[in-house]
Amino acid sequence: MKHKTIVNGQYLVLMSAFFYGLNPFFAQLLFKEGLDPAMVSLYRFILPAIFFAFFLRTPSDNWPEALRTLVLGIASGIAIFSYFHALDTIPAATAILIYYSYPVFSVLIGWAVFNRRPSQNALISAALVAIAASLTVRPETLPAGSLVSLLACFLAPITVATQVQYLSNPKQTLPTSNRMAWMTIGHIVVLLPIALWLAPTQLFPVSSIGFMAVLGIAVLAAAIPQILFMIGAPRSCANKNALTGSLELVVALLTGAVLLGKNLDRLEVTAMALIVLALFIKEVNVRVSPDRAPKQGSATHRLKFRSP
């Protein structure tokens with residue numbers, strides 16, 4: 001039963017990764033509409049925040065967890081703005097590959113901060129993701145003066161990695177709707193002041209496609225995958241959640257190529273192949289059939305034999 005629960009949790013995380021992978025597509029559509037990264041970031045979260053505001057009410061015993069979730073939301077808001085700014089400043093493939101290196105950071109943060117020692121397969125998978133991410137980060141393709149945007153883009157994978165590790169085993173349980181409410185409020189708390197401070201010249205899209213992109217980035221690429229992840233992540237383990245999430249990179253690059261007409265070079269195709277390979281690397285579970293299981297009282301049984 002436990003194994004089935006873990007598998008179901010991984011399916012939910014896998015589905016969330018697919019929807020999260022649509023973020024660059026919708027963001028680049030909105031950039032073409034004339035919106036700047038601050039407004040795109042705000043639009044991504046403001047509609048979910050309005051909806052989930054009805055679920056903010058929290059029992060006093062859960063206030064510490066609500067506060068931790070709010071802090072995660074604030075950090076996530078800063079990170080997504082940094083990512084969208086990089087997506088609008090440096091080559092899109094470079095920003096995407098940096099963002100989707102978060103499985104590597106997740107394994108490292110889980111090991112160093114959360115004391116979750118990664119398995120050999122998790123390390124191999126993380127190494128493949130790191131190699132994939134490095135293939136398209138080419139300094140010669142970066143515009144002049146974009147170093148700050150490049151470095152700021154790394155805030156996104158670090159923040160996402162921390163979020164993956166924490167939400168896979170939070171200190172307190174909160175209903176998904178309640179946690180989503182505090183998370184999205186955290187996003188707005190930081191993104192609304194950023195948008196007001198930068199005073200964008202354009203507030204709304206200029207076409208029906210732009211308004212559809214606003215709905216897409218808010219619902220398909222934000223609310224739905226966040227709900228799927230928050231339900232699925234606690235039912236699986238942190239490192240598998242992070243590595244499963246690397247599917248986002250494949251979706252992001254393919255939607256850019258198919259729907260936006262962007263060319264994929266051989267290095268980017270190789271990066272996607274490495275990501276897919278990393279996804280197929282699983283923990284080796286040794287299964288023992290009932291007729292071969294050690295009998296009670298045998299030497300093997302006394303050695304604390306544990307069937308999976």
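Select helix α2 (residues 23-32) together with helix α11 (residues 208-232), which pack at an angle of about 155 degrees with their axes 9 Å apart; axes here are lines fitted to C-alpha atoms over the stretch in contact, and angles run from 0 to 180 degrees between N-to-C directions. The two helices are therefore roughly antiparallel to each other, a term used for angles over 145 degrees. Now show the side chains of the contact (heavy atoms within 4.5 Å), where α2 contributes N23, F26, A27, L29 and L30, and α11 contributes G210, A213, V214, G216, I217, L220 and A221. These residues divide into nine nonpolar, three polar and no charged, with Gly counted among the polar ones.

This is a predicted model, in which local features need pLDDT of at least 70 and side-chain atom pairs count only at pLDDT 80 or more, while totals for chains, interfaces and linings use all residues. Residues are numbered from 1 along each chain as its sequence is written, and side-chain values use heavy atoms, with hydrogens and water left out.

Next, select Y100, in the loop between α5 (92-99) and α6 (102-112). At 0% relative accessibility, Y100 counts as buried (under 20% relative accessible area, with a 1.4 Å probe and protein chains only). Leaving aside residues up to four places away in sequence, Y100 touches Y20, G21, P24, Y83, V129, E248, L249 and A252.

Finally, colour the chain by pLDDT, the predictor's confidence in each residue from 0 to 100: the protein chain averages 78, and 81% of the residues score at least 70. Over residues 283-308 the pLDDT is below 50. Where pLDDT is low, the predicted coordinates should not be read in detail.

Terms used
Helix = DSSP H or I, 4+ residues; strand = E, 2+ residues; numbered from the N terminus. Buried < 20%, exposed > 50% of the residue type's maximum accessible area, 1.4 Å probe, protein only. Parallel < 35°, antiparallel > 145°, perpendicular 65-115°, else oblique.
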